[in-house]
Structure formats: C-alpha cells, structure tokens
Amino acid sequence: MTTAMPLGFAETEAQAYPRRPPQARLRAAAKSAVLHCAPWLRRPAPRFVRCLYAHAIFPEQRSIFADTLAALRTRGDIIDSATLSELIADGTPPDGRYFHLSFDDGFANVVENGAESLDAAGVPATIFVCSGFPDAAPARLRDWFQGMSAYARPVRPMNWDQIRAFHAAGGEIGVHTRSHARLSMLEHDTKALQAEIAGAKSEIEERICAPCTTFAWPFGRASDIGPRGRQAVAAAGFQLAFSAVRGCVRPGTDPMDVPRHQIEFHWPRGDLRAWIDGFGE
C-alpha cells in the first residue's frame, strides 16, 4: 500500500527529497567515487553539443547553481533551442563546444532562486511546464506527484504570472504535457495523448501569447517514448523533443529524440562535473 504524500509544498532541499535507505546510499557513494575519477579516465571532447537538464533550484542550492553556470561557460557556449535546432539540422559535426540548459516540471524555485544567476551570466534556458500544474488544487498536485518517486512531497509549481514573466524576460517556455503523464501508458488512447501533448501546447501558448516549439518527455526513458506518442508530438508541430536518455547530440540525431544529461544541484559537485564533461559518452 502506497503512503499518501503530505499536502504541503517542499520549499527546501531537505523537505523535497526522501531519505534513501542504507543500500541506496552505498550505491550512490560508489557511483560518485567512479564519477569523481572521470576527469582522469577520459579526455574532454574538443567539440560537442551536450544538453543538460535539472528540475529544481532550492534556496540552499543558489551558490552551486551559480558555480555550475560559471563552469559551463569555461567549457563552452550555452545556446538556446533555436540554435540547437539549427545545429541538428546542419547534420555535420559541431564546430565548437555547446551546451543547452533546460529545467523540467516548471517549478517556481527555478525562477525564484536561479533567474538572477541566469541573468547575470547572460545564459539562455528553457523551462518545460506542465500546463495543468499552475491552476491545480493542492490535492490534485499531490496525486500527480504520487507517481514521482524522486520527491517526498510536492514542489510548488510556477504560477502563470511567473511563467509569463520568465518568457517576457527572454526565457523559453516549453511543453511537458498537461499532467506529467507517463505517455507510454497512453499509447492506445489517442484522445488522451492529444490532450496531454497538443492540448497542453495550446493551453500554454494561449497563456503566454507565443508559440511553444519544444517538448520534453515526462520520465523520458527510452521505454517511456512510444511510437504513437512520437507521432503525436510531431503532429503537434514541435521542432525539438527532448528525452532523459544520456548522450550528446551527434550528426543524424533525431530532433524528436534529443538526448540530455540529468544534473541536480543537491548532487555532489564531482558528479555534476562528470556529467557536464560528458561522462559515459
């Protein structure tokens, strides 16, 4: 039997993430030990296009987020989605080192704790919004978050004023479905797929008075991306669709299946550095 999440929002890192059992902590420590050795195990690629994504920036993570932006800027150029789309369409190896930065789920703490650092660094970023989150009742949000095992309690979503303000300031708003649905479970429900994908796109575009051209798959593993879902994303008119499968953008990358490396700002700094540098590629 699954224990219901509390209704209150997580406003700090300690409130947001569940305490892991001892075995999980040991596995994480072993993984970190390998990742910390990554700079000595491989040479950084001289040219690459690498997409990174995170979810939250809690108040206690402001400094590490600012440090991460500084580290990215020493390693390459941070580009927007339009430039990324052009690089993919070009179909040839990149002529430099490029990062694309995005945030899934549309949490308010991203703009509240990260916008100042993004502005100061002049860095473009995309926030993928679930169109149903801003207006949802707390109990409804709790139900949706119940399927997100990464969280101990719901995280406060951006409201429409924050979404419009981020867009007006030059940030990109992308689509992350209506309710963070696992789309592979809707493969045989065409109407539900359209509501979660094209419906969410229309709702967000109406609110920000601008087109949304990018999409990010909820959960985003290869098993979460089915053929009918892919067709629905393409039919909705998106130029790019991002997965959560690690890898870098290469010649021939499918714009409807762009790989991304997950990074989170409560992770050890060595883990962040390894994924930024393309560990495992």
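Predicted model: local features only at pLDDT ≥ 70, side-chain atom pairs only at ≥ 80, totals over all residues.
Residues are numbered from 1 along each chain as its sequence is written, and side-chain values use heavy atoms, with hydrogens and water left out.

Start with the whole chain. The protein has 11 helices and eight strands. Both are DSSP runs numbered from the N terminus: helices are H or I with at least four residues, strands are E with at least two. The radius of gyration is 18 Å, close to the 19 Å of the globule rule for 281 residues, so the protein is as compact as a globular protein of that length. That radius is taken over C-alpha atoms, and the rule is 2.2 Å times the number of residues to the power 0.38. Along the principal axes, the C-alpha trace spans about 50 × 45 × 35 Å.

Of the 281 residues, 51% count as buried. Buried means under 20% relative accessible area, exposed means over 50%, and partly exposed lies in between, with a 1.4 Å probe and protein chains only. The protein exposes about 13200 Å², and carbon and sulfur atoms supply 53% of that area. Accessible areas come from the Shrake-Rupley method with a 1.4 Å probe; for residues, only the protein chains shown count as cover. A contact means heavy atoms within 4.5 Å. Among contacts with a separation of 6 or more, residues 24 or more positions apart account for 75%.

Now turn to the open space. The largest pocket has a volume of about 1200 Å³. It is lined by 35 residues, and the closest to its centre are Ala150, Gln262, Glu264, His266 and Trp267. A pocket here is an open set of points on a 1 Å grid over the protein atoms alone, with protein on both sides within 12 Å along at least five of seven lines; a cavity is a set where a 1.4 Å probe fits but cannot get out; lining residues have an atom within 4 Å of a point. Grid points are joined across faces, edges and corners, and a volume is the space filled by probe spheres set on the points.

Three elements each supply at least two residues of the pocket lining: α2 (22-36), β3 (97-105) and α11 (269-276). The largest share, seven residues, comes from α2. By class, the pocket lining holds 16 nonpolar, eight polar and 11 charged residues. Ala, Val, Leu, Ile, Met, Phe, Trp, Tyr, Cys and Pro count as nonpolar; Asp, Glu, Lys and Arg count as charged; the others, Gly among them, count as polar.

The whole structure has one cavity of 30 Å³ or more. The largest cavity has a volume of about 60 Å³. Its lining is Val49, Leu87, Ile88, Gly91, Thr92, Pro94, Val249, Arg250, Pro251 and Gly252. Six of these lining residues are nonpolar, three are polar and one is charged.

Some single residues follow. Threonine 68 sits in helix α4 (residues 62-75). Its relative accessible area is 7%, so threonine 68 is buried. Beyond neighbours within four places in sequence, threonine 68 contacts Ile263, Phe265, Leu272 and Ile276.

Alanine 241 belongs to strand β7 (residues 240-242). At 0% relative accessibility, alanine 241 is buried. Setting aside residues up to four places away in sequence, alanine 241 touches Phe215, Trp217, Val233, Pro255, Met256, Asp257 and Val258.

Phenylalanine 9 lies in the segment before α1 (13-16). With a relative accessible area of 27%, phenylalanine 9 is partly exposed. Between phenylalanine 9 and threonine 83 the C-alpha distance is 36 Å, with 74 residues of sequence separation.

Finally, look at the backbone. Aspartate 105, a residue other than glycine, has a positive phi near 90 degrees. Aspartate 105 is in strand β3, and its relative accessible area of 2% makes it buried. Cysteine 209 is not a glycine either, yet its phi is positive at about 55 degrees. Cysteine 209 lies in the loop between α9 (190-208) and β6 (214-216). At 69% relative accessibility, cysteine 209 is exposed.
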